[in-house]
Amino acid sequence: MGTLVTLDLPAGSPVADLPWVITIGALGDEEDWEPVVCGPYERAHALALAQAVVADEDLMAVVEPLLPRPDAEAIRSEIALARAVASSPADDEPDQEAYETRRVRPGRPPTEAEVREGWSRIAARLTVPTG
């Protein structure tokens, strides 16, 4: 039985609306292969696909949001933020409770048509001008 790891988001979190990717790799040390990264997907599709893939195999799936950034300066800002969080006092560090790990059973994965519709919604969100 596989394992799924993802962020435990509060209700209404804007992070849920970001595109999400699935990274699937070996669950143990017995296998030595490069993880497979798939996406982007809407969060619900990513979770359902990851569950369907790893449920009956010794695989681990990590489902996490992408941070689409339109230019180098925006990426530098994200790096600066990540560094600032990493260098903050230990009391401010996120704990492991921020992540949810669970054993999974297969559910109904989205159909190809549903995934493609999700891609269209993601593309529409990513192409809307900001500011």
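Select Glu 114. Its relative accessibility is 26%, so Glu 114 counts as partly exposed. Buried here means under 20% relative accessible area, exposed means over 50%, and partly exposed lies in between (1.4 Å probe, protein chains only). This is a predicted model: local features need pLDDT of at least 70, side-chain atom pairs count only at pLDDT 80 or more, and totals for chains, interfaces and linings use all residues. Residues are numbered from 1 along each chain as its sequence is written, and side-chain values use heavy atoms, with hydrogens and water left out.

The side chains of Arg 108 and Glu 114 form a salt bridge, 3.2 Å from N to O. A salt bridge is a side-chain nitrogen of Lys or Arg within 4 Å of a carboxyl oxygen of Asp or Glu. Arg 108 is exposed, because its relative accessibility is 58%.

How many salt bridges does the structure hold? There are six.

Next, select Glu 112 and Arg 116. Their closest N and O atoms are 2.9 Å apart, in another salt bridge. Both residues lie in helix H3, four residues apart, about one turn of the helix. Helices (H or I, at least four residues) and strands (E, at least two) are DSSP runs, numbered from the N terminus. Glu 112 is exposed at 54% relative accessible area. Arg 116 is partly exposed at 46%.

Now select Glu 42 and Arg 125. Their side chains meet in a salt bridge of 3.9 Å, N to O. Glu 42 sits in the loop between E3 and helix H1 (43–54), and Arg 125 in helix H3 (residues 112–126), so this pair ties together parts 83 residues apart in sequence. Is Glu 42 buried or exposed? Glu 42 is buried, with a relative accessible area of 15%. Arg 125, at 38%, is partly exposed.

Last stop: select Asp 29, Glu 30, Glu 31, Asp 56, Glu 57 and Asp 58. They gather in a surface patch of negative charge. Patch residues have over 30% relative accessible area and no salt bridge, with like charges joined within 9 Å. Asp and Glu count as negative, and each charge is placed at CG of Asp or CD of Glu. Areas come from the Shrake-Rupley method with a 1.4 Å probe.

Zoom in on Glu 31. It lies in the loop between strand E2 (20–26) and strand E3 (36–41). Glu 31 is partly exposed, at 45% relative accessibility.

Definitions and conventions
Patches are made of residues with over 30% relative accessible area and no salt bridge: like charges are joined within 9 Å, nonpolar side chains (Val, Leu, Ile, Met, Phe, Trp, Tyr) within 5 Å.
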